[in-house]
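These are my notebook entries on a structure that I looked up for a reader new to it. I began with the strands and then turned to a single loop residue.

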Amino acid sequence: MVLEKIGNKFSQFFAMDPDEDDLTSGPTETVAPASPAPQAKPAAKPNYRTNKVVAMGEPTEKTAKIVVYEPRIYSDAKEIGNHLMNNRAVVVNFDQIESADATRIVDFLTGTVFAIHGEIKRIGQMIFLVTPANFQIDGSLAATLGTDDDIDLG
C-alpha cells in the first residue's frame, strides 16, 4: 500500500501515467505496405578502436626511486650523474673518499643539477641529497648542522 503510493507519486513526478500508453483516445489508421520491403544488408562494423582513452605520452614509472651512493673515487661521479639523468634522486655519502675528490664530485654534481634544473642540498656533514627537476626538497637542516662556515670538507 505504501509502496503503491510511492510508485504513484514517482509516476506523477515524471509524468508517467500507465493510462497514457493506451492509444484508445481516437481512431487509428493502419496502412499496410503494398509489397514487402527489400532486406538491406547489415552495415559492416567500422574497424576502429572502441576505447576512448588515448595515451598522451610514454608511461612513467609508478614509483620514484632514491639511490644511496657512497663514491670511492672521482670517476664514480659519472654514475651518480646517470642516476640524476634518469630522474632518480641520489643521497651521496662522502665518508669513504678524500676531501679533495669529494669537493670535485660536489662541483661536478652542482653543474649536472644546474643543467637538469634539479637541486643539491647538504643533509649531513659529509652527506648530500641531489635531486632532478621532478623532486622538491622541503625543510632545512641548517639549525642542526650549524652554518656552512662550520663545515669543512677538507
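Before the first entry I set down a definition: two strands pair if DSSP finds at least two bridges between them. I also note that this is a predicted model.

Entry 1, the bridge partner. I looked up Ile120 and found that its bridge partner in S4 is Val130. Four bridges join S3 to S4, and these two strands run antiparallel.

Entry 2, the whole sheet. I traced an open sheet of four strands in the order S1-S2-S4-S3, with mixed pairing. The edge strands are S1 (66-69) and S3 (119-122), each of which pairs on one side only. On average, neighbouring strands of this sheet are turned by 15° against each other, direction ignored.

I found S1 and S2 (residues 89-93) running parallel, joined by four bridges. Tyr69 stands opposite Val92 in S2.

I located Asn87 in the loop between helix H2 (76-85) and S2. Asn87 touches Pro132, Asn134 and Phe135, not counting residues up to four places away in sequence. The C-alpha atoms of Asn87 and Thr131 are separated by 7.8 Å, although the two residues are 44 residues apart along the chain.

Technical notes
Residues are numbered from 1 along each chain as its sequence is written. This is a predicted model: local features need pLDDT of at least 70, side-chain atom pairs count only at pLDDT 80 or more; totals for chains, interfaces and linings use all residues. Side-chain values use heavy atoms; hydrogens and water are left out. Axes are lines fitted to C-alpha atoms, for helices over the stretch in contact, and angles run from 0 to 180 degrees between N-to-C directions. Contact means heavy atoms within 4.5 Å.
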